[in-house]
Amino acid sequence: MSLQPTTSQTVGPYFTIGLAGRRRSELAGAGVPGEKVTIAGRVLDGDGKPVPDALLEIWQANSHGKYAHPEDNQNKPLDESFQGYGRIGVAENGGFLFTTIKPGPVPGPDGELQAPHIAVSVFARGLLLRLVTRIYFPQEAANADDYVLNLVEPGRRGTLIARKTAVQGALEWNVILQGADETVFFDC
Amino acid sequence: MTSIAGYRRPAPGTQPKHLHPPYVSSIKRAPSKPLVYLPHTLTEVTGPLFGKEATDVKACDLTRQHSGEPLGERIIVSGRVLDEDARPVPHTLIEVWQANAAGRYLHEADQHDAPLDPNFIGCGHTLTDAAGRYRFVTIRPGAYPWRNHHNAWRPAHIHFSIFGLAFATRLVTQMYFPGDALLPYDPIFNCTADEQARNRLISVFDWESTILEQALGYRFDVILSGREATPMER
């Protein structure tokens with residue numbers, strides 16, 4: 001017998017009551033190996049207005065490309081102090097910022113390595129289901145051959161790739177929920 | 001190299017569409033372009049796991065977070081987290097949040113003119129046990145008005161957030177109460193086309209968990225996506 005998965009519902013406007021307890025915007029402490037990065041951006045709606053009541057959740061591998069999860073049976077080291085989980089609230093101006101390390105590459109569906117990426121869930125009032133997207137890294141040679149990026153029409157791939165800023169290690173990546181510059185969201 | 005067994009996708013109509021115009025907040029926030037189908041990779045079949053160190057055993061009783069008792073009707077909300085094959089999802093984190101008995105959230109954005117309860121925050125969490133079971137003690141939340149449409153009132157509900165064992169199984173939903181007269185009018189409850197899928201969001205009154213002279217029991221099972229058959233080794 002097969003059961004039907006429970007229907008998704010919006011987090012509504014008051015989710016901080018229940019979800020603030022496990023907020024984490026610093027994913028990697030001082031001792032965690034890897035290239036430190038700060039990723040900052042804004043969540044904007046179809047009118048380009050800030051979305052203040054959104055929440056991002058992050059899932060990523062460590063710098064070796066290993067997930068802290070029993071199903072990752074790759075022969076790569078785990079970092080005891082790095083879980084790869086983040087939960088980041090958005091400010092009144094739609095802004096968010098988190099710090100982490102750049103993940104290493106993990107295997108893709110074609111048996112080749114995927115380009116380094118961070119999985120993101122977006123929750124907000126008005127979203128009846130979470131939105132799933134990814135953050136890739138700029139000037140990364142592996143992006144050109146990445147299995148998932150190549151599923152996306154070329155003109156929209158840029159929405160998934162963070163941009164360098166004037167500050168070393170600081171990247172910009174925005175979530176545009178709707179419109180001409182809409183971020184690519186996945187059917188996950 | 002072993003290929004990855006992904007998680008199953010929902011049957012048509014059993015999940016909301018992103019754009020549901022009767023829910024006004026979805027109009028400017030729903031994506032307008034088609035979603036890109038993502039084959040599940042190691043990224044999606046793994047996900048954050050939370051152990052006892054990340055949780056507080058007392059957080060499953062929302063009526064014992066202060067010196068006094070919250071006002072309202074004490075209830076037990078319990079059930080199981082299962083996958084589509086009815087296999088328990090063990091040791092997974094459930095977070096809940098809700099309004100108080102008067103229909104007021106402890107949140108600065110909630111301007112409803114109903115009293116706050118100094119003995120009720122409306123926030124709890126727990127881990128499922130090895131059999132996927134969970135149990136909260138709380139009070140029945142009140143209905144409250146919102147500005148979605150003329151004289152709009154949300155039916156009583158408790159928000160549930162569940163991780164499951166993988167990024168792909170992440171779920172946030174709302175649990176409703178049987179016989180609530182507001183359900184037929186609520187655009188959030190009614191955002192899903194499939195009536196049976198909708199109705200599974202309504203908890204069931206449960207004698208089994210009802211405690212004599214103490215609290216009524218409601219049962220709410222949560223079903224997460226099930227696993228595809230394991231592919232052959234390549």
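Strand β10 (residues 186-187) of chain A and strand β1 of chain B run parallel and are joined by two bridges, with Phe186(A) finding its bridge partner in β1(B) at Val36(B). This is a predicted model, in which local features need pLDDT of at least 70 and side-chain atom pairs count only at pLDDT 80 or more, whereas totals for chains, interfaces and linings use all residues. Residues are numbered from 1 along each chain as its sequence is written, while chains are lettered from A and ligands numbered from 1 in the order in which they are written.

Terms used below

- Strands (E, at least two residues) and helices (H or I, at least four residues) are DSSP runs, numbered from the N terminus, and two strands pair if DSSP finds at least two bridges between them.

Contact between the chains

- Where contact is taken to mean that the C-beta atoms of two residues, placed from the backbone, lie within 7 Å, 67 residues of chain B are in contact with 62 residues of chain A.
- The elements that give two or more residues to the side of chain B that touches chain A are β1 (36-37), α1 (42-45), β3 (93-98), β4 (123-127), β8 (157-162), β9 (171-176), α2 (195-199) and β12 (222-224) of chain B.
- That side of chain B divides into 36 nonpolar, 20 polar and eleven charged residues, where Ala, Val, Leu, Ile, Met, Phe, Trp, Tyr, Cys and Pro count as nonpolar, Asp, Glu, Lys and Arg as charged, and the others, Gly among them, as polar.

The open sheet of chain B

- In chain B, four strands form an open sheet with antiparallel pairing, in the order β4-β3-β8-β9, and its edge strands, β4 and β9 of chain B, each pair on one side only.
- Direction ignored, neighbouring strands of this sheet are turned by 20 degrees against each other on average, the axes being lines fitted to C-alpha atoms and angles running from 0 to 180 degrees between N-to-C directions.
- Six bridges connect β8(B) with β9(B) in the antiparallel sense, and Ile158(B) has Met175(B) as its bridge partner in β9(B).

Strand β1 of chain A and its partners

- Strand β1 (residues 36-44) of chain A runs antiparallel to strand β4 (residues 95-101) of chain A, to which seven bridges join it, and the bridge partner of Arg42(A) in β4(A) is Gly95(A).
- Strand β8 (residues 170-172) of chain A runs parallel to β1(A) and is joined to it by three bridges, with Ala170(A) as the bridge partner of Thr38(A).
- Strand β9 (residues 175-176) of chain A also runs parallel to β1(A), through two bridges, and here Leu44(A) has Ile176(A) as its bridge partner.
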